[in-house]
There are 4 protein chains.
Amino acid sequence: MKEITRTPIVILNFKTYLESTGEKALNLAKISQEVAEETGVNIAVAPQHADLLRISGQMSIPVLAQHVDAVDAGGHTGSVLLESVKEAGASGTLINHSEKRMKLADIQQVVKKATEQEMISVLCTNNIETSAAAATLQPTFVAIEPPELIGSGIPVSKAEPEIVEGTVDIMHQINPDVKVLCGAGISTGEDMKAALDLGSEGVLLASGIVLAEDPKKALLDLVSKI
Amino acid sequence: MKEITRTPIVILNFKTYLESTGEKALNLAKISQEVAEETGVNIAVAPQHADLLRISGQMSIPVLAQHVDAVDAGGHTGSVLLESVKEAGASGTLINHSEKRMKLADIQQVVKKATEQEMISVLCTNNIETSAAAATLQPTFVAIEPPELIGSGIPVSKAEPEIVEGTVDIMHQINPDVKVLCGAGISTGEDMKAALDLGSEGVLLASGIVLAEDPKKALLDLVSKI
Amino acid sequence: MKEITRTPIVILNFKTYLESTGEKALNLAKISQEVAEETGVNIAVAPQHADLLRISGQMSIPVLAQHVDAVDAGGHTGSVLLESVKEAGASGTLINHSEKRMKLADIQQVVKKATEQEMISVLCTNNIETSAAAATLQPTFVAIEPPELIGSGIPVSKAEPEIVEGTVDIMHQINPDVKVLCGAGISTGEDMKAALDLGSEGVLLASGIVLAEDPKKALLDLVSKI
Amino acid sequence: MKEITRTPIVILNFKTYLESTGEKALNLAKISQEVAEETGVNIAVAPQHADLLRISGQMSIPVLAQHVDAVDAGGHTGSVLLESVKEAGASGTLINHSEKRMKLADIQQVVKKATEQEMISVLCTNNIETSAAAATLQPTFVAIEPPELIGSGIPVSKAEPEIVEGTVDIMHQINPDVKVLCGAGISTGEDMKAALDLGSEGVLLASGIVLAEDPKKALLDLVSKI
């Protein structure tokens, strides 16, 4: 667990881009691992559920699920069971991403279950208020991502630095064990440096790397100013 | 495609039972393949998304997803993209299972996309009226499952035969190309025979096999009276 | 019932605009009634749930709910019960509006319940395929509204006339008792005339009237070329 | 506002029972008002949206909505706009009832909007952990209701007193301004006394009164031991 949560951390969300599906997902994971090895930065990847095993079977960097459902084992056709993504090699999961918002009761259930099963939880929030609520639920990470900036190319660390600082502050007050990540619009080394300077311990990002012409170059740039 | 849709067909829904997750999913798929080979009956398995590759990589029987979301490739964290389950080896997908009901517009989108990508679609319905609506959408199969009988052990073919017959009738009227499957409460050879006698071309089932003390014996019994 | 479904019909969806909430909803209903009386055209209004009684208590034109939930009486806090909107004066309800898409099984349940309780059902669809499915469920009206044109000011009757014609055709094939309405982008008399010329029997519209500088003038224009 | 939040308080949730719909809702509100006047206890009623105006127009006790959606005024057909329930006479709203669970981001938005519009917010939670999260969002009340006890007739104050005490404790730590209510299984005067003894400032209940043979007698009993 310690190695998985070592910071500064980069979590690369593969979303459902074709550029990061199937064999291309594996390829992007390989690039991520190369950059992690070359630079020593902790990089985790979050591919689609159907790609977890493909990647975890061949790579050694941390692999996260993008979502799990708030269900226990049983008759739940089509749901994503935490146990299934764990057995497919996931060390943790994103929770409540802005593209997959969850009910409060379900978030609490999934964070608790992840902890019980020794998996890390990356709980996404949209503002300081929901970050405060998230802090009480004791996830491993809170990833603050103002939804309007996701995929915009405008880094939250520049556009709304007060939201990142406010989230870091509130976490110190409510639950200092929870580490803050910074998402939305991050793509360059400067963005990442700004995110860390604001008190976060890493970034959660997607399109800036996944859709880059040269993802390896983009990842190398991202971690260049840490 | 022809082999995949050969009837009579048994589709075994693994749901999210621990008994059919991960390595146990693979084991159940092996059993299913053995029975298919020994008896010549067409048996398909529908494991969880994270188990698709594990099974399709080692087995030759048809593998289906339990659900796909109505999204196209792009920024949809946590969603299940049809392209991803296809690349993980799925030949088709269940749609609108009673444990994962979908919006009408989303059902239409997923059935259409499955057809375009040469995947089979197994559209679940709950009564004759929704079966009629389903027929117009041109899926490969319509699986009629009165929700109150799912997991009950009481076979629909015995408890509500008129729903199966009515679905077969309406399909003949609206779209004779769509094959009818029968679900809910099916577990024995007698249940399956009754289902076929009512005009359906196969069964969709889960707990009767997955939770059986001896799944192979249960599967052999299921197909024994065809 | 006959008077309520007399065509050509205009159904004015009040949505959740402040311009059509509370006292302003009542005012817009008064204007609608005046235009109905002056022109003889059948105009129905669909205000928010909390405004149904305010309007039905003082007006005689047909009042519809914008949505009801697929629940029967019981413990369902926050749901919209058909019986409650009926007792508040609604003669029917919109179902599955593009801003409130419903599951197939729920649509079927609500259409059936509306019919049983002698209320009219206006089932919204997004393309010819879902219109065909809708036809089998036997609503009073199917309102075809390509979502990308809603609120656009570009009338569906001009931008995608083949969708309206196709819906009219499919309705004749599957269920000629169901009347077709045309929605999305409709605002002028010319738009409405085009909609009727394509074979629809009325329009479902909102912003073109609700947000008009002079709603009465806009409504009078809308029905001027019938 | 002060009078509305005076404690001990009884909030009577009408849910979607036929016994508390339409004219029967008005009748139950009258009974509630009589008991409030006779005993001096603060009693608020939460009828269905379509019944808000019917009750608020004739009664003086506080009226709450059962739910509002996380939307601002605009094109949101079928949604429940806070402004609409306010204009229909609601002084506040239940939020996130166990029968209408909401996403975390939506809860935060609705609590905030209610406060901005000087309406009270009664935020329902299912355990101590979600109560802690709720506390950070600064609602007027947190109503703790273990879902398995709702409608059971087994009072939470007896079955799981530690959940009520734990919620009261956590509220004192995180946000002492938030008052705790106690729900689930409450129906008698003894239940209510036990709830207050555990540190809560009132109760949220439904079937115990709504479905009682003699609701007035049941309400009088409920408040008899305060």
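Predicted model: local features only at pLDDT ≥ 70, side-chain atom pairs only at ≥ 80, totals over all residues.

**Entry 1: a helix pair inside chain B**

I began with α5(B) and α7(B), whose crossing is right-handed.

Next I listed who touches whom. From α5(B), the contact uses Ile128(B), Ser131(B), Ala132(B), Ala135(B) and Thr136(B). From α7(B), I noted Ile163(B), Gly166(B), Thr167(B), Ile170(B), Met171(B) and Ile174(B). Sorted by class, the contact of α5(B) with α7(B) has seven nonpolar and four polar residues, and no charged ones.

Chain A averages a pLDDT of 94, and 99% of the residues in chain A score at least 70. For the model I wrote down ipTM 0.95 and pTM 0.96.

**Entry 2: chain A with chain B**

How many residues of chain A are in contact with chain B? I got 38 residues of chain A, in contact with 37 residues of chain B. On the chain A side, the elements that give two or more residues are α2 (52-56) and α3 (82-87). Of these, α3(A) gives the most to the side that touches chain B, with four residues. I sorted that side of chain A by class and found 13 nonpolar, 18 polar and seven charged residues.

Then I laid chain A on chain B. A turn of 180° with a shift of 0.0 Å along the axis does it, at an RMSD of 0.0 Å. That is the relation of a two-fold axis. The same surface serves both copies, as 97% of the contact residues of chain A recur in chain B. Which residue of chain A comes closest to the rotation axis? My note says Ala50(A), with its C-alpha at 2.4 Å.

**Entry 3: chain D with chain A**

I moved on to chain D and chain A. A rotation of 180° superposes chain D on chain A, with 0.0 Å of shift along its axis and an RMSD of 0.0 Å. In chain D, Lys103(D) has the C-alpha nearest that axis, 1.8 Å from it. The interface residues of chain D are 100% interface residues in chain A as well, so the copies meet through the same surface.

The contact takes 15 residues from chain D and 15 residues from chain A. On the side of chain D that touches chain A, the elements giving two or more residues are α4 (104-116) and α5 (128-136) of chain D. The largest share of that side comes from α5(D), with five residues. By class, I counted seven nonpolar, five polar and three charged residues on the side of chain D that touches chain A.

**Entry 4: α5 meets α5**

The axes of α5(A), residues 128-136, and α5(D) come within 8 Å and cross at roughly 155°. That makes α5(A) roughly antiparallel to α5(D). Their crossing is right-handed.

Who makes the contact between α5(A) and α5(D)? I found Ala132(A), Ala133(A) and Thr136(A) on α5(A), with Ala132(D), Ala133(D) and Thr136(D) on α5(D). That contact of α5(A) with α5(D) has four nonpolar residues, two polar ones and no charged ones.

**Entry 5: α4 of chain B with α5 of chain C**

My next pair was α4(B), residues 104-116, and α5(C), residues 128-136. Their axes come within 10 Å and cross at roughly 125°. The helices α4(B) and α5(C) are therefore oblique to each other. I noted that α4(B) passes α5(C) in a right-handed crossing.

The contact joins Leu104(B), Ala105(B) and Gln108(B) of α4(B) with Glu129(C), Thr130(C) and Ala133(C) of α5(C). I sorted the residues of this contact of α4(B) with α5(C) into three nonpolar, two polar and one charged.

Last, I checked two other chain pairs. Chain A and chain C do not touch, and their nearest C-alpha atoms are 16 Å apart. Chain B and chain D do not touch either, with their nearest C-alpha atoms 16 Å apart.

Technical notes:
Residues numbered from 1 in each chain as written. Chains lettered and ligands numbered in written order. Contact = placed C-beta atoms within 7 Å. Least-squares fit on C-alpha atoms with pLDDT ≥ 70 in both. Nonpolar A, V, L, I, M, F, W, Y, C, P; charged D, E, K, R; others polar. Axes fitted to C-alpha atoms, helices over the stretch in contact; angles between N-to-C directions. Parallel < 35°, antiparallel > 145°, perpendicular 65-115°, else oblique. Left-handed = near helix turned anticlockwise from the far one by under 90°. pLDDT = per-residue confidence, 0-100.
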